[in-house]
Amino acid sequence: MAETVGGILTSHVPAIGGAIARGAQNEPYWKPFFDGFLPVHKWLKDAKPDVAVVFYNDHGLNFFLDKMPTFAVGAAKQYNNADEGWGLPLFKSFEGMPELSWHIIETLVADEFDVTTCQEMLVDHALSIPAELSWPKADRWPVKLVPIAINTVQHPLPSPKRCLALGRSVAKALANWPGSERIVVMGTGGLSHQLDGTRAGHINKEYDRFCMDNLGPNPDALTQHTSLEIVDLAGSQGIEILNWIAARGAMGENVTEISRNYHIPISNTAAATMVLETLPAKKLGLAA
Amino acid sequence: MATLNQSAATRKPEPHSRQPIEGTTIFDGHEAMKGYGLNAMCFSFNDAANRKAFLEDEAAYCARFHLTPAQIEVVAKRDVLGMIREGGNIYYLAKLAGIFGLNVQDVGALQTGMSVEDFKAKLLAAAKED
């Protein structure tokens, strides 16, 4: 049977891609952020995932306002990055796992999440930067990819409650997958930040701490706010926490925190990285 | 090197009942319709040839995407808050900013009427608050 090993949650600020390209990881500005990945690398060495299910938001590479799906699941054989317009180097392509994508899609639709399906899908920095951070200097990605894009661009946005439920439906699909893969879930973006308007530069440490403290043991706590209330608390782009919430749902019921890093600022963002390890149900049963 | 309009950055946002959060534009269907041409133009900047075409003849390029006169004006003035007021979404506007070599901290400074140094200092100060 497939096993969900846990989840990696991290910010995906474009400037991180520039820092990686320049080799700036040890510069004073960047080191506090990149050091947050040392425990991630250690954990991945033991967890050895071979599939990544990644919840992220597209920033105008694959999706435009002509067609804006609320939830979109990739079911492609391969996912390429492309020019995003602001000078980032091109990121490596991912091998897809369409058979698992369709299994997830079937479960989601059976659970009444009527998702958009994509047999062709470009993936942007929001997906590639977390992979670069998790598997630095890899010649090729050690994981096959199932990308799940959540609309955080055009309101009305899905509610945190709906995103958590979406993630939990994905967890059900992963638990029923007959393969022998080891699956890591990822949620990217956040934490608090705002790029636009006279409130640009907004950061909310208290709300970020609330999210990090509750995400593992009590993710339903994050559903007490509407998406609009989260924009108020965490900023226009802080709403990317929706990707973390969905990812948490997909990790399974019980997790334990392996690592946490929180650093202000990376670019305009309160940057954060967490690893939550999934506790197998049977292990819990033995402990009880 | 193009410069952005500093005075525009200090303009107060107009009150709007659909916009409950101070200093923040909720990009909803209303904004998405209003800003469609402007955002479509910015989306086209994913392609290097389009970025070049914009720089070579800005007016002709704006016309191709049917920008409104107000949108053409705020783009010409490099007025970021004005672009947002005319329906621009920051995820797409960032691609326009990229053409001028501006990052999101530069854009943040422009919108808040601060110098880039002061804007960065404000972010650093946020780390120390409790």
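Trainee: What should I know before reading residue names and values?

Mentor: Residues are numbered from 1 along each chain as its sequence is written, and chains are lettered from A and ligands numbered from 1 in the order in which they are written. As the model is predicted, local features need pLDDT of at least 70 and side-chain atom pairs count only at pLDDT 80 or more, while totals for chains, interfaces and linings use all residues.

Trainee: Is A:Gln25 buried, exposed or partly exposed, and why?

Mentor: A residue is buried if 20 or more other C-beta atoms, placed from the backbone, lie within 10 Å of its own, exposed if 12 or fewer, and partly exposed in between. A:Gln25 has 16 other C-beta atoms within 10 Å, so A:Gln25 is partly exposed.

Trainee: Which residues does A:Gln25 touch?

Mentor: Two residues are in contact if their C-beta atoms, placed from the backbone, lie within 7 Å. Not counting residues up to four places away in sequence, A:Gln25 touches A:Ala19, A:Trp30, A:Lys31 and A:Phe34.

Trainee: How many residues does each chain give to the contact?

Mentor: Chain A gives 33 residues and chain B gives 40 residues.

Trainee: How many bridges join strand 9 and strand 10 of chain A?

Mentor: Strands (E, at least two residues) are DSSP runs, numbered from the N terminus, and two strands pair if DSSP finds at least two bridges between them. Here strand 9 and strand 10 (residues 269-278) of chain A pair in the antiparallel sense over 9 bridges. A:Ile266 stands opposite A:Thr269 in strand 10. The two strands form a hairpin with 2 residues between them, and A:Ser267 in the turn has a positive phi of about 55°.

Note on methods: Helix = DSSP H or I, 4+ residues; strand = E, 2+ residues; numbered from the N terminus.
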